[in-house]
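Hi everyone, thanks for coming along. Please have a look at the structure on the screen, and I'll walk you through a few parts of it.

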Amino acid sequence: MKTFGGPVLFLDRSDINTDEIIPAKYLTEITKEDLKPYILEDLKLPGFDPKGPKTKNARVVLSRANFGCGSSREHAPWVFEVNGITAVIAESFARIFRQNMFNCGMAAIELPKADLDLLFTHAGDADAAMSIDIESGTLTMSGGGKQKTFGFEISPFDKALVTAGGWVDYADQNY
Amino acid sequence: MGKTVAEKIFEAHLVNEPFPGTKVLKLDVVLCHEITTPIAIDDLIRRDKDRVFDPSKIKAVIDHVTPSKDSKTATQAKILRDWARRHDIKDFFDIGANGVCHALFPEKGFIRPGYTVIMGDSHTCTHGAFGAFAAGIGTTDLEVGILKGVCAFRQPKTIRFNVNGQLPKGVYAKDVILHIIGRIGVNGATDRVMEFHGSTIAAMTMESRMTLCNMAIEAGGTSGICMPDATTVEYLWPFISGEFASKEAALADYSKWTADADAAYDQVIEIDVSTLQPVVTFGYKPDQTKFVSDMPESPVDQVYLGSCTNGRIEDLRIAAGILKGRKIAPTVRGILSPATPKVQQQAMHEGLIDIFMEAGFCVTNPTCGACLGMSNGVLAEGEVCASTTNRNFMGRMGKGGMVHLMSPATAAASAIEGKIADPRKYL
């Protein structure tokens with residue numbers, strides 16, 4: 001099972017798509033590791049630098065509604081994975097992206113908008129970090145001297161995939 | 001209580017429900033291309049599981065970058081090619097026989113009503129035009145599909161679209177689906193199947209139904225689905241005539257894959273197309289739509305005709321009808337990529353290729369190429385493309401480029417005028 005939690009990258013916009021996460025021109029790479037430099041390359045957000053230290057240090061991405069819409073490319077979760085990001089927290093996800101995350105043993109966690117609004121208040125905190133406990137379904141946000149815990153739900157199947165480390169081994173054993 | 005098409009297909013293909021709400025389905029077809037499959041193949045080899053569940057149910061094509069443009073794309077093609085040979089996958093399509101997957105595979109008769117279809121490509125929803133459940137998935141799901149012939153899904157809810165009325169002149173399936181996406185939004189159908197009903201759909205060709213279902217994903221939809229009918233049977237007849245005594249018998253059999261009148265829907269949405277106009281996108285999301293007549297003056301640098309949305313023979317006929325005897329604006333680069341070799345050859349026989357070339361279009365081989373900015377028509381920073389494709393994300397056709405989505409007719413009119421133009425004056 002992967003580890004979850006650490007510094008948070010705040011991406012405060014809905015409908016962040018897979019072309020923004022990893023542009024199609026890099027889909028010709030054959031290994032996941034080769035994708036590493038291109039993370040979020042085409043995402044244009046005020047104050048966001050895909051090559052900056054906040055991106056480099058991040059272990060968790062926090063965003064808004066319909067995250068990961070567009071293409072089916074699993075290169076999107078992979079480019080997060082090879083950069084050390086194993087969890088994305090958002091109001092909602094595109095179906096394929098969400099499933100790809102769990103299929104890779106990573107976490108795509110949905111929270112209500114009100115909770116996300118609270119989490120985004122930490123966007124200016126240099127020490128903003130999150131710890132995530134998949135088993136108990138809780139995440140704790142800390143930063144700026146404050147700390148708050150939120151509950152979340154993931155389906156039993158998704159939890160099993162995270163525990164098993166992904167879908168291939170699970171499926172080969174069970175089907 | 002009656003059932004939706006997706007509910008019927010799920011019931012007929014259910015392997016088990018390992019956890020509440022998760023259904024593992026048996027797959028009828030697993031489709032593969034050279035962008036998302038090689039990493040699955042590589043991973044299977046590394047896991048010492050380089051097997052396929054049934055080579056006759058796996059179909060593969062090199063389509064995104066073909067002919068290969070560099071060493072990396074040549075390597076991707078080679079991995080897929082070698083794998084297809086190694087596992088005796090007979091339905092493998094390479095240079096000379098290859099075309100855009102979602103146009104090529106239906107043309108070969110691989111998709112039938114009631115089928116479950118997956119592919120590592122989001123526009124797999126296209127195949128729902130045949131009354132199939134067809135979903136785009138990632139590489140890991142593809143890998144398991146190849147290995148085991150199964151895929152896990154949450155049982156999707158269904159939105160029913162009752163689309164009625166006669167399409168006005170100059171308005172096509174592309175305008176209908178852009179209008180629908182504009183109305184429900186880019187996540188209006190997330191985790192939902194989009195079931196299309198009504199007189200407009202019943203009157204559509206299979207090509208038009210594929211255009212419609214192709215863009216279900218742009219509203220977040222898992223699959224578009226049209227009801228199989230006499231049009232479906234007619235299209236499939238060359239492939240199924242050995243299975244059924246008559247077309248009537250085929251239709252009777254396929255009708256089990258239509259929705260029950262008392263099926264329960266998440267939503268029912270009524271669409272009247274009788275007053276619809278040509279639609280175009282204006283932003284970087286497919287739900288940012290306007291009538292062409294409401295667009296401000298919008299010059300374009302390139303016009304692209306092709307893709308899994310609108311690269312079929314019907315689309316080429318419509319565009320050629322407008323371009324015949326006319327020239328494209330000198331400021332515009334026109335690119336036509338017929339979706340398959342069959343489409344290209346048919347267009348040649350019908351004299352359409354002559355019309356495009358005399359108008360000033362460059363005609364490429366069948367490929368996905370420019371649609372996702374991989375080859376054959378990448379935009380430069382700041383350039384604008386009028387395109388018959390399905391996705392207008394920022395940079396989609398080239399970093400810093402902008403894409404306006406539209407029908408082949410609107411694209412042809414825009415090529416002539418060098419700016420987004422209403423096709424109706426040319427009809």
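Let's start with one pair of residues: Phe361(B) is the bridge partner of Gly334(B) in strand E17 of chain B. Before I go on, this is a predicted model, where local features need pLDDT of at least 70, side-chain atom pairs count only at pLDDT 80 or more, and totals for chains, interfaces and linings use all residues. Residues are numbered from 1 along each chain as its sequence is written, while chains are lettered from A and ligands numbered from 1 in the order in which they are written.

When I say helix or strand, I mean DSSP runs, numbered from the N terminus: helices are H or I with at least four residues, strands are E with at least two. Two strands pair if DSSP finds at least two bridges between them.

Back to our pair. Strand E16 (residues 333-337) of chain B is joined to E17(B) by 3 bridges, and the two run parallel. Helix H14 (residues 352-359) of chain B packs on the sheet here, touching E16 and E17 of chain B. Its direction makes about 135° with that of E17(B). Contact means that the C-beta atoms of two residues, placed from the backbone, lie within 7 Å. For angles, axes are lines fitted to C-alpha atoms, for helices over the stretch in contact, and the angles run from 0 to 180 degrees between N-to-C directions. Helix H15 (residues 408-417) of chain B packs on the sheet too, touching strand E15 (302-306), E16 and strand E18 (384-387) of chain B.

What is the strand order of the open sheet in chain B? It has 5 strands in the order E17-E16-E15-E18-E19, with parallel pairing. Strand E17 (361-363) and strand E19 (402-405) of chain B each have a single partner strand, so one side of each is left without a neighbour in the sheet. On average, neighbouring strands are turned by 25° against each other, direction ignored.

Now a helix in chain B. Is helix H8 (residues 206-214) enclosed or open? In H8(B), 8 of the 9 residues are buried, so this helix is largely enclosed by the rest of the structure. Buried means 20 or more other C-beta atoms within 10 Å of a residue's own, exposed means 12 or fewer, and partly exposed is in between, with C-beta atoms placed from the backbone. Among the buried ones are Arg209(B), Met210(B) and Leu212(B).

Asn66(A) has phi near 60°, a positive value in a residue other than glycine, and counts as buried with 24 C-beta neighbours inside 10 Å. Asp88(B) has phi near 55°, also positive, but is exposed, with 11 other C-beta atoms within 10 Å. Pro67(B) lies between strand E4 (58-61) and helix H3 (71-86) of chain B.

On to chain A, which has 7 helices and 7 strands. Buried residues make up 50% of its 175 residues, and its C-alpha trace spans about 50 × 35 × 25 Å along the principal axes.

Finally, how do the chains meet? In chain A, 39 residues are in contact with 49 residues of chain B. Helix H4 (95-103), helix H6 (156-164) and helix H7 (167-174) of chain A each supply at least two residues of that side.
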